[in-house]
Amino acid sequence: MELTRRNYAALTLATLIAAPARAGAATPGLMVRSDGQPQNLDPHQIFDVPMMGYALNTYDGLYRYQNNPPVLEPWLATGHASSEDGLDWEFKLRPGVTFHDGSPLTAADVVYSFQRVLALNKAPASAFLPILKPGNVTAPDPLTVRFRLDRPYGPFLAAIPIVAIVNAKLVQANEKGGDHGAAWLASNEAGSGAYSFVPGTLTPNERLGMQRFEGHFWGWSDNPSPVARVAMRTARETSTGVLGLMNGSIDWTDSYLPTDQVEQIQSSRVARVERHSSLRTFVIRMNNARAPFNNLNFRKAMAHAFNYDGFIKEILKGYADRNAGPMPNPLWGVPKDAAGYDYDLGKARNFLRAAQADGVNIRQPIRIHIQSQLEQTNQAAQLFQSDLQSIGVNLRIVTDTWANIVTSTGSAETSPDMWIHWVSTYFVDPENWVGQMYDSQFHGTWKASSWYKNPEVDALLGRARGLVKQAERAPLYEEATRRVMADCADIWVYNTVELRGVSNRLSGYRFCPAGGGSELRWLQLKG
Amino acid sequence: MAGFVLRRVLLVLPSLLGLLIVCFLLIRMVPADPAVALAGDNATPAQIEAIRRSYGLDQPIHVQFLRYLEGVARLDFGQSQFSSRPVAEDIAQRLPATLELTMAALLISVGLGVPLGVLAAVNHNRWPDFVLRVVSVAGVAIAAFWLAIMLQMLFAMQLGWLPLRGQLSAGLTPPPGPTGFLLLDSLLVGRFDLFADALRHLVLPAVTLSLGGLATITRFTRAGVLDTLQKDFVFYERASGYAPRRLVWIYVLRNSVAATVTQIGLLFGGLIAGAVVVESIYDWPGIGSYTVQAILTADSKVMLAVTLLVGLIYAVVNILTDVAHALIDPRLRDRA
Amino acid sequence: MAMPVLEVEALRVAIRGDEGMARILDHIAFRLETGRILGVVGESGCGKSTLIRTILGILPRGAQVGGGRVMFEGEDLLAFSEAELNRQVRGSRISFIPQDPYLALNPVFTVGAQLLETMRRHRHGTRQDHRAELVRLLRRVQLPDAEAALDRYPHQFSGGQRQRLLIAAALACAPRLVVADEPTTALDVTTQQQILLLLRELVEETGVSMLFVTHDLGVVAELCDDLCVIYAGQSVETGLARAVLGSPMHPYTRALLACHPDRSEGFVGIPGAVPSPLRAPPGCRFAPRCPEARQGCPARAPQPRAAASGRAVDCILYDPVPVEAVS
Ligand SMILES: Nc1ncnc2c1ncn2[C@@H]1O[C@H](COP(=O)(O)OP(=O)(O)O)[C@@H](O)[C@H]1O
Ligand SMILES: [Mg+2]
């Protein structure tokens, strides 16, 4: 057959089109994740959900949270002991643990890692800075690490999993100008985790490759068909991620699927939605330092004007649990007797009248800032706006970004009237919620952006922080929470049900609120 | 000609400087404090202050600017505050992807738009002209993200012919090529499987991105050809018995593309802007999605560098446009 | 008598426009014998260019031929298809010299590219042959630096030089007929003289026939063997140029000559204006302005009468039975 130019073009086109049958088909042993990757790869510079999704796999910590509700379990450590006064802590390490480069993981690496976190002074440091001096982390022998705290700190153990243990020699070898290897570790890896980062596969924020670490200390005997390779391919639009899940090109989405996508995925044969109650609260903040929110009656009027059930049932399709206080319901330290506020426009009107009697100008327009990237914050604001309108309060919606809002929360004057955000689990302790949100010592951080100040609450939280035993701390947090709720500092809406789209190729999904189930070593992959 | 180009290149520098100053001021006007964003969740005010100092964000703005300029002069564009990598490195890694995408889109826009425009003009006020006029209005009106989703639904989901997203299938490793251009590198290392895979990933984003330009190019080419067809020399050429196809596609077309070439130049800027949307939808790892990320996280070094880059591309395309004009029309050459 | 190279018979052309049918040509008739130069003269807007377009088969959109024949070497060009005209007539057997040399050349191609394009299509031989032939022709039309000229662009030539280029181009494919549409109008007087001289020589050298359209009687007197006078789309008088100019018969021709002495002033001496083809009077279109108009003029269909040898005139005055006699 004579191949004319036109025929040739047609033939090329045909091969291009014919090849695809494989397009959606999965590669054996390979799992494709579309949830985001951390801004950079250094677990001591960043501590957020995407970082956990990376670092829980590539690094190990002394302890690790497992299961739901989360339980703190020994990981690199075999156990710990603390002194009666809560100042001295000693951790024993597992013997025979190796890093990805084959060198042994010893107490010196643990000491270096904690000192590095403190020296870099980035997000993961905030839990330790006030109580730990770098020189007070020591390694008396290769399998023992000691901490001496400046003062007793209740959440210390809860915060231990935050610190990933890095290969000290490897990082030190790549230090440049006293940067503690920050530039190098931002796009490299020096861990011991169940998966290792594949060099050369990184495009920041876009893609990253990991492969199973055969020599992981936990061993693989409990998993007959682990994931061999992991391709992280960030999907910017959730809809793209969901489509990818449905056509088999993605195996794993982030765990914040819009609720309207759940049914579609559940009805498909190739994928399912993993639904798990988490520890992640949804809060509408009020700037207590500024009129009209400096008036208790006005705040109560606002709290009664939000349609909690409508929001959860209609907009979230029921995929959330009403959470009437600042602490997530499943956590300890929650006062069981505190009822919170219900949606009742009648009560709202009454409190509004009372506020007016107090001299509050209830007509003045108030502004609520939403996060442009997070549609749910917009939906909540819109719902709130229409209810407030019916009781004569003028709410204006301001579209904003996380970076802007967080900057503005530096002072009470610049903080928004109201804004909406989630509080995720950074460490599983009441300190992560009521402690950092309502103790006035944290004013100026975004978490304390309601500028709530109550000396009694400050005292309760301070005492709880200084105790080590949960049994002693719990009643203090319960009381503090009760007071904050009575003062109606914010509008607490729900505790998240995390929704993650997962391919049916994967089984053995283990959810834990810390990390949101992104620890991949438990997963089994078929095909 | 060389002198002409040199003069233009020299003129670019002050414009870029002006662009930088404006951009620097604008970024400083946005309330977002990079130090706050940088400190991350749970940071204390003291931590934030320390970061502000270490990044020189506590200095007066003109000092910051001069410092930045000094860096730029050494081709050091600073570090991305988030990826903690040199901005230049990030951009170098991502630019080829964007260029590959925009070039492909441009190729479609021009390769299809010019012939369609000629077709419409030659059939002035007959049905091909009417059809193309409707289509080109639609092409301008249709939103890129809407088109993208339609294309994804049809070709990736229903028919399964083309990949949904990304630049390369997840199971494949990009070629270790020297240029960073996926298509080029896979050819250079002789990996035709990678080439085919990359090409298939390119189709939908490029088509989406090309649509607006396609409409513009069609319209301008049509207008240009219609105008030329009225010219005396076209009558003379017909009267001299030129072959009809050569008459239209060579002699008429070359006289008609001046406006089209200008449009192509303008379009290039538009394509880069359009890439922001298209790259986000198709998860294309280019400059567009990088910029979005930078804006959301107030990563000022990245914003500045991207502005500079786009400005530079604009300037280069502008010069190229002028050169192209001169190549097409000898009268301009003699004037220059 | 030998077959004429071109014979136009009772040609009618109308153009449909927004305002209705414009009957641009309403009975044109003349013949052009081999090796001769026929001048077609008429005021601006009388349809001279349309006549040329009709001969070349390149009419504007909406134009239709309402009747008549254009016999070229025994074949009716009106029956030719577009492809046949393109392949066998235009640029090969009939070539064209345009009115405005400034506008007729494609500004973005070299002169050589354009002139060779026609030869490539209509002549055998290699590109080198064509080039050599062109250079010879350019020398013949006295274009300076003929070799280099081919690689230059139109804007690098003066008007007179461009017209020489176009004349050379017209002869490049050894045509049987050259049609020229006011080729000297855009030029200054001196250049015009040189070009006319050149044309005359070339016709004599090559034996080609030429249809020379002009609004200038002086040019006709200088250049043409034969003459066809057109008024508002009607050919009113034809014959030997010397004879017609010496003893004009049609009242229009007479009026034309009477007011001619100052060429640049044109036809100001005739009262009234040329009618628009949209509202042309019936019958003889000159009747409303004619000092000798009769009652029968508006009813008289155009019909040229042989007057003397090779002479024809289309006027009621020369009809065999005067209309007045009947009434
Ligand atoms: N495309 C056209 N549509 C309508 N009328 C036309 C067109 N071309 C020429 N005409 C009209 O036909 C008449 C003759 O024009 P033309 O042949 O150019 O005359 P000339 O060459 O003698 O000046 C004029 O009245 C002119 O307006
Ligand atoms: Mg004319």
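Student: Where is A:Asn67 found in chain A?

Tutor: A:Asn67 is in the loop between strand 2 and strand 3 of chain A; helices (H or I, at least four residues) and strands (E, at least two) are DSSP runs, numbered from the N terminus. This is a predicted model, in which local features need pLDDT of at least 70, side-chain atom pairs count only at pLDDT 80 or more, and totals for chains, interfaces and linings use all residues. Residues are numbered from 1 along each chain as its sequence is written, chains are lettered from A and ligands numbered from 1 in the order in which they are written, and side-chain values use heavy atoms, with hydrogens and water left out.

Student: What is the phi of A:Asn67?

Tutor: A:Asn67 has a positive phi of about 70°, although A:Asn67 is not a glycine.

Student: And which peptide bond is cis, with omega near -5°?

Tutor: The one from A:Asn68 to A:Pro69. A:Pro69 sits in the loop between strand 2 (63-66) and strand 3 (71-74) of chain A.

Student: What joins A:Ala291 and A:Pro292?

Tutor: A cis peptide bond, with omega about 0°. A:Pro292 lies in the loop between strand 11 (271-286) and helix 9 (296-304) of chain A.

Student: Changing topic to the chains. Which pair has the most contacts?

Tutor: Chains A and B, among the 2 pairs of chains that touch. Contact means heavy atoms within 4.5 Å.

Student: How far apart are the nearest C-alpha atoms of chain A and chain C?

Tutor: They are 25 Å apart, and chain A and chain C do not touch.

Student: OK, A and B then. How many residues are in contact?

Tutor: On the chain A side 59 residues, against 50 residues of chain B. About 4400 Å² is buried between chain A and chain B, with 55% of it on carbon and sulfur atoms. Buried area is the accessible area (1.4 Å probe) that two parts lose on being put together, summed over both.

Student: Which side chains meet in a salt bridge there?

Tutor: Those of B:Arg94 and A:Glu206, at 2.9 Å from N to O. The count between chain A and chain B is 1 salt bridge, meaning a side-chain nitrogen of Lys or Arg within 4 Å of a carboxyl oxygen of Asp or Glu.

Student: What classes of residue are on the side of chain A that touches chain B?

Tutor: That side has 26 nonpolar, 24 polar and 9 charged residues. Ala, Val, Leu, Ile, Met, Phe, Trp, Tyr, Cys and Pro count as nonpolar, Asp, Glu, Lys and Arg as charged, and the others, Gly among them, as polar.

Student: Now C against B. How many residues does the contact take?

Tutor: It takes 28 residues from chain C and 27 residues from chain B. The area buried between chain C and chain B is about 2600 Å², and carbon and sulfur atoms give 56% of that. C:Arg61, C:Val108 and C:Glu117 supply 22% of the area that chain C buries against chain B, more than any other three residues.

Student: What does C:Glu117 form a salt bridge with?

Tutor: With B:Arg246, the closest N and O atoms being 2.6 Å apart. The rule finds 1 salt bridge across the interface of chain C and chain B.

Student: How many residue pairs are in polar contact across it?

Tutor: There are 13, both residues at pLDDT 80 or more. A polar contact is a pair of N or O atoms within 3.5 Å; within protein, one must be able to donate a hydrogen and the other to accept it, and residues adjacent in sequence count only if both atoms are side-chain atoms.

Student: Which helix gives the most to that side of chain C?

Tutor: Helix 4 of chain C, with 7 residues of the side that touches chain B.

Student: Last topic, ligand 1. What surrounds it?

Tutor: The residues include C:Glu43, C:Lys48, C:Pro60 and C:Pro277, a residue being near if one of its heavy atoms lies within 4 Å. Helix 1 of chain C gives the most to this shell, with 3 residues.

Student: Which side chain has an N or O atom 2.5 Å from a ligand oxygen?

Tutor: That of C:Thr50. A polar backbone atom of C:Gly47 is 3.1 Å from an oxygen atom of ligand 1, and for a backbone N or O atom of C:Cys46 the distance to a ligand oxygen is 3.3 Å.
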